[in-house]
Amino acid sequence: MNNFWHWTVIVIVIVHLIAYIWLLLATAKKKVAKNDKNTTGHEWDGIVELDSPMPRWWLWLFVISIIFAAGYLYAYPGLGNYQGSLNWSQQKQFQAHYDKVTEARNKSFATFINKPIDELVNDDKAMLIGSRIFANNCALCHGSDAQGATGFPNLTDDDWNWGGDFEQILTSVKTGRNGIMPPLAPALGEEGVKQVAAYVRSLSSTEQDANLVAEGQNKFNMFCAACHGTDGKGNDMFGAPNLTDNIWLHGTSEIIETAIYEGLSGKMPAHAEILDENRVKLVAAYVYSLSKE
Amino acid sequence: MSTQERETIELNLYQAHKKIYPREVKGRFQFKRKLAVVVLLGLFYLVPWLQMGGEQAILFDLPNRRFHILGLILWPQDFIFLALLLIIAAFSLFFFTALAGRLWCGYACPQTVWTEVFIWMEQLTEGGRNQRMKLDQAPWTWNKFRKKTSKQILWVTFALWTGFTFVGFFTPIRELANHIWIWQLGPWEMFWLFFYSFATYGNAGFLREQVCLYMCPYARFQSAMFDKDSLIISYDEQRGEPRMRGKKRRTENNPGDCIDCTLCVQVCPTGIDIRDGLQYECIACAACIDACDEVMEKSGMPKGLIRYTTEHSLSGKPSRILRPRVILYALVLFGLITGFVTAFMMRSPISINVLHDRNTFYRMVDSNTIENVYTLKIMNKGRETAQYQLSASGLPELSVVTDVDSDMLQAEPGQLISVPIKIRAPKKIANQRIHNILLSVMSGQHKNSEEVKYFGYKK
């Protein structure tokens, strides 16, 4: 707030308060003709409204309100840029409550949070809390049963693009993952895409044209093996999926051509900032436990 | 214009409170009022002590969010019943007002009932109306101090007991009594105990009729439910006027029945003169009826110069009890009560909530089957641990699948469980974009169902 508004607000507020006091005193009494019935002058269907006096304590309620307003404006921000004697702000109040909740939460985690992972997955309370963190933060993409959807991996099976060890899952949750498959149409050409696709399909043991497969294998070794490995089993360093099983993250094997043509990308957002250290650990442990069963 | 008319006076629009000293009065209506006080306050002070099956019979357990009412448990999900109950209470008020005027104010309103008790204590310690007026005028003496102190002790004790009982509806009263005994009250118990005590003390000891005159909304809008056939307390002007007393009365030719003894004014707890006609300040306590009847009896005139009557019968026309508004209020009230009782009897101890997963409409299980994923929340509102079975209907060959062990579909009383479920269907059958299906949760003879959306296989 610049100086002009700072003073404008202060003047308006203080003038108002003073005006209220004046109004209160000015309207507390009124002069009427001695024999007047003392009505408000309002009349409906021949019924006139008496101007009956209010009880005195009603006046005191107004006075108390004005005193309260003065005290409030002294203690809290209200007069322009003046911050108030209590130095209160929404952010500080939020932070104080947030810290209180965090402290209480960490206190309730204390009994299990430092357990080694093998014990942690067997702790019912830890897993219940993990499942709730999952429901609130992860289920939106991965499904409430964690079995994923097109483009969002199933977390209950043993197929992991970025590794299924606890530490690897923890890293995935904390820092997120960015899976990119580059478009290869310019390099392979239309015919090449068909050949490579045939080879990839043959990896998950489906019958394909032998000529296409042989050509495809050459091109696969040139362009794809760097990430997916010469055996096509993928590499969890890059999040390159295993192409030899029949699990297709982006739908069915029907989309292989499109994937090679146009490339693919998948993004798992980082959660270290959204959750905190302890909650990231709990939800990662919960996800880890899902594939262990 | 005469000089008198031009003369002005200054009016203070905020009036200092003039204390009202209602005179004590006996009579048939005052007996009924005392009976109402005893019964209503008796209920208030005794009910929290009732036990049923080892727990407090009526307890509004806010921290655990459950209301225990005579063996029934009500949950926040049953809040609709409270809303209905309040609507029923409002319509009863309308119905009785249209039929019999301000019965509520005179006989049942907590403000009146507690004020009655406080005034009774005032009489006990300070004496009747005249003695109280004299005492307040008198300078401070030991006698005045003694009387005022005993009154305050009675008031404060009674107010504290009221606050204690009030809190006892929300926290088990026997434990509360122990906590007070060892002086270990929780901060909220302490706050409400003293707040409610203070409110009782202030309202019944000092504010009294001012609550009715300045604060009560009902006092302001009750006239909307009145008509000329509603029961009111009224002075019979035709019979009473011209009022006169003493010597004048004996010499005058044709005096009215009112002997202008002003007893009806002295007994009035809101400080009005009923002879001025129907006023919104009148709380229909009937004290003036009893006072006037006694006077009429002593003067050898027929009773009922002030009586329960209607505007129609005062003006000599016939009064009708059954009017359209009474019938309408009664019908609405009857409908509401029937609805309330039926809904209450039919309420299920299984509360369910089904949320469809938001990330995907349907998922392929294999080349012929699809599934929709939901989060199912079940709350056990019953008193025993329950086991649940799930089923889906609305399409042929639907099946409900859960990944969790069957013991996860079990809930303790009051427990809320949340399980991911899948409903599977052949894609040839679920071939529309959206189907409406019914998911049912059963436990023993109880069942609750919810209609849910099922996204089908349609390219």
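Me: Before we start, how are residues and chains numbered and lettered here?
Reply: Residues count from 1 along each chain as its sequence is written, while chains are lettered from A and ligands numbered from 1 in the order in which they are written. The model is predicted, and local features need pLDDT of at least 70, side-chain atom pairs count only at pLDDT 80 or more, and totals for chains, interfaces and linings use all residues.

Me: OK, which domains is chain A divided into?
Reply: Domain 1 (3-27 + 44-89), domain 2 (101-176 + 271-292) and domain 3 (179-268). Those bounds come from an automatic or database domain assignment. The centres of domain 1 and domain 3 of chain A, taken over C-alpha atoms, are 75 Å apart.

Me: How many residues does each chain bring to the contact between A and B?
Reply: Chain A gives 25 residues and chain B gives 25 residues; two residues are in contact if their C-beta atoms, placed from the backbone, lie within 7 Å.

Me: And which element gives the largest share on A's side?
Reply: That's β1(A), with five residues. Strands like this are DSSP runs of E, at least two residues, and helices are runs of H or I, at least four, numbered from the N terminus.

Me: Do any strands pair across the chains, and if so in which sense, parallel or antiparallel?
Reply: β4(A) and β2 (residues 14-15) of chain B pair in the parallel sense over two bridges; pairing needs at least two bridges found by DSSP. A:Met54 has B:Tyr14 as its bridge partner in β2(B).

Me: Switching topic: is B:Val167 buried or exposed, and why?
Reply: Buried, because 25 other C-beta atoms lie within 10 Å. The cut-offs are 20 or more other C-beta atoms within 10 Å for buried, 12 or fewer for exposed, and partly exposed in between, with C-beta atoms placed from the backbone.

Me: Where is B:Val167, and what does B:Val167 touch?
Reply: B:Val167 sits in helix α7 (residues 142-168) of chain B. Leaving aside neighbours within four places in sequence, its contacts include B:Leu176, B:Trp192 and B:Leu193. B:Val167 and B:Leu193 are 26 residues apart in sequence, with 6.0 Å between their C-alpha atoms.

Me: What about B:Phe79, buried or exposed?
Reply: B:Phe79 counts as exposed, because there are 11 C-beta neighbours inside 10 Å. B:Phe79 lies in helix α3 (residues 79-100) of chain B.
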